[in-house]
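Colleague: I have just opened this entry and would like to learn how to read it step by step. Could you take me through it, giving the general idea before each case?

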Amino acid sequence: MQLLGIFQASETGRADATWQSELNSSSQDVRNAAETRAIERAKQGDGSAFEFLYNTHKRRIYSLCLRMTGNREEAEDLTQEVFLQMFRKVGTFRGESAFSTWMHRLAVNLVLMRLRKKGLATFPLDEPAGQNPEDSRVRELGVVDLSLAGSVDRVTLERAIQALPAGYRLVFLLHDVEGYEHGEIAGIMGCSVGNSKSQLHKARMKLRELLQMDRFPAPETRK
Amino acid sequence: MNCEEFEVAWQEVEENKPLPTYLEMHRQTCPLCSQWVADLDHIRRQARRWLLLDQPSEQLWGQIRNQLQQDGVIKTPRMRTGWFSEIPLLAGFPRWSMGMAYAAVFLLAFGVVSLHNFFTNVPSPPHPAPPAMVSAEVLNQANSTLSGDQAFHQLMEKIPAENRPIYETSLQQVNNSIYQLNQFLAAHPEDLFTREQLFTVYEQKHRLWETLVQWEEF
C-alpha cells in the first residue's frame, strides 16, 4: 500500500508500520514485546491493536476449530466467537499466563461447549493413564516405516485425525501441532500434567494405528 | 529393558530433548521400537507442517470488527474538544485548523498554477486525474527525485534572485499544509476528505518541483 506511505508520519501509521515489521520478524522477543503493547492498546479499545492480535493468532485458532469441528463454516463461526469473547474479555487479562495460553483456554472451552451441544462425547479429563483396556499399550508395530515409505499424505492424516476421539484429538493438536507443553495444556484444559501425557500418548498410538490400517495390512506384534 | 518399558519411559521424554542413554541403547538395538519412534515423530512433523496452513476467510476480520464496534469494544478516536464545543456557534472550532489548511491548499494551488503558466506558457491540465489515482505516482516521484527539501533549495538557487521568494513562500506553504493535514489525520484517520486534500497538496508540491526543473532547463 504505497498510498499509506505518506501517512506514516502520523502516530497511528507509525505504530502500524512497526507492528507489521515486527509481525514479520523472526525474533520471538520482538513478537512478544509487540504483543504486550498490542494487548495494552487493545484494553483501551484500539482497533488496530485488535487487528494485530487477530492476525497473530488467527491461524492457530482457526486450525484448532477446524480440526475439532471438521467443518469449515462451523470453524469460522467458532473462530469468530473465540475472538469476540477474547476481545471483550481482554481487559481481564492480567498476564499471569502467556496470552496465547489464555486465548487457547477460551477457545478450548468454546470448542468443548460446542461439541457437547452437538451431543458429541468428549472425554473424561480425570481418567488415569492406562485405565482404558482399549489403550493398554497394544504391542503392535507396522513392518513398514511410515516416514521411509512417505506414506502419510495430508488427506490421509486429516482423515485419521478426524477419526480420533475428541479428547485425544484436542491434546494431539495442542501438543504435537501447536507445540504446547504438557504443563500449558494442563492449564488450558484444566487437567493434570499426567492426564495430558496419557491422552497424548493414546492419541499418538491411535493415530498411528489408523494410518497403518489405512495403508498397510495386519501389523507385526511387538514382544 | 523390554519394549513396554521403553514405551512407558519414552512418554516422559520432552520433545526436542535427547533420549536418556538407557532408552537410546534400547532404541538402537530394537528395530521395532526404533521404527515406532520414527513413525510417531514423522506423524508429528507432518501434522505440524500441514495443519497450520489453513486460515479463515478474509471477511472474518471485518465481521469481528463490525461486531466489536457495535458493542463499543473498539472505540473510534474522539475529536479533541474544549470549552468552545459547548457553544453551538463555536462547536466546529476544532475544525477551523482544517479549514485553514484547506484554504492554504487552494491558495497554494492557485499560486503554483499561475506560476507554472506564467513561466512556461503551458496551460494547466483541464481535468487533473483523481487524487487517489495519481498520488502513488506523485509519491513515487517525490520519494525518488526529492530527498527532503534539499533538492528544492538547490534548484531555487539557480532561479533569479527577484523570483526566488515566491517559490520559497510556496514551498513553505505546501510544507505547512502537509504538516497540518498530517496532524489532523493523526487525530482523525478516517477522514477521507483530509486524505484527498493531502494527496492534492502532494500534487501541488510535485508541480512546484516541475516548475523549478523547467526554470533550470531554461
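This is a predicted model: local features need pLDDT of at least 70, side-chain atom pairs count only at pLDDT 80 or more; totals for chains, interfaces and linings use all residues.

Colleague: In which helix is A9(B) found, and what does A9(B) touch beyond its sequence neighbours?

Modeller: A9(B) sits in helix α1 of chain B, which covers residues 3-11. Not counting residues up to four places away in sequence, A9(B) touches Y22(B) and L23(B). Y22(B) is 13 residues from A9(B) in sequence, and the C-alpha atoms of the two are 9.9 Å apart in space.

Colleague: Is T194(B) buried or exposed?

Modeller: T194(B) is buried, with a relative accessible area of 0%, and T194(B) belongs to helix α9 of chain B, residues 192-217. T194(B) and L181(B) are 13 residues apart in sequence, while their C-alpha atoms are 6.6 Å apart in space.

Colleague: Turning to chain A, how many helices and strands are there, and in what order do the elements run?

Modeller: Chain A has 10 helices and two strands, and from the N terminus on the order is α-α-α-α-α-β-α-α-α-α-α-β. Of the 223 residues in chain A, 50% are buried. If you take the contacts in chain A with a separation of 6 or more, 66% of them join residues 24 or more positions apart.

Colleague: How should I read two helices that pack against each other?

Modeller: In general, two packed helices are described by the angle between their axes and the distance between the axes. In chain A, helix α4 (residues 72-89) and α5(A) pack at an angle of about 130°, with their axes 10 Å apart. That angle makes α4(A) oblique to α5(A), and the crossing of the pair is right-handed. The residues of α4(A) that meet α5(A) include L78(A), V82(A), F83(A) and M86(A), and among their counterparts in α5(A) are F99(A), W102(A), L106(A) and L110(A). By class, this contact of α4(A) with α5(A) has 11 nonpolar, one polar and five charged residues.

Colleague: At what angle do the axes of α5(A) and α9(A) cross, and which residues make the contact?

Modeller: The axes of helix α5 (residues 99-117) of chain A and helix α9 (residues 182-189) of chain A come within 8 Å and cross at roughly 45°. That makes α5(A) oblique to α9(A), and their crossing is right-handed. On the α5(A) side the contact is made by T101(A), H104(A), R105(A) and V108(A), and on the α9(A) side by E184(A), G187(A), I188(A) and M189(A). By class, the contact of α5(A) with α9(A) has three nonpolar, three polar and two charged residues.

Colleague: What should I look for in a nonpolar core?

Modeller: As a general idea, nonpolar side chains in soluble globular proteins tend to be buried together. Here the largest nonpolar core has 79 residues, and those touching the most other members are F50(A), F87(A), F99(A), F172(A), L174(A), M189(A) and I64(B). Helix α3 (residues 47-69) of chain A gives this core its largest share, 11 residues. Leaving aside neighbours within four places in sequence, I64(B) is in contact with Y54(A), Q80(A), F83(A), L84(A) and F87(A). Apart from that core lies another, of 17 residues, including L155(B), L171(B), I178(B) and W209(B).

Terms used. Residues are numbered from 1 along each chain as its sequence is written. Chains are lettered from A and ligands numbered from 1 in the order in which they are written. Side-chain values use heavy atoms; hydrogens and water are left out. Axes are lines fitted to C-alpha atoms, for helices over the stretch in contact, and angles run from 0 to 180 degrees between N-to-C directions. Helices (H or I, at least four residues) and strands (E, at least two) are DSSP runs, numbered from the N terminus. Angles under 35 degrees count as roughly parallel, over 145 as roughly antiparallel, 65 to 115 as roughly perpendicular and the rest as oblique. A crossing is left-handed if the near helix is turned anticlockwise from the far one by less than a right angle, and right-handed if clockwise. Contact means heavy atoms within 4.5 Å. Ala, Val, Leu, Ile, Met, Phe, Trp, Tyr, Cys and Pro count as nonpolar, Asp, Glu, Lys and Arg as charged, and the others, Gly among them, as polar. A nonpolar core is a set of buried Ala, Val, Leu, Ile, Met, Phe, Trp, Tyr and Cys residues joined through side-chain atoms within 4.5 Å. Buried means under 20% relative accessible area, exposed over 50%, partly exposed in between (1.4 Å probe, protein chains only).
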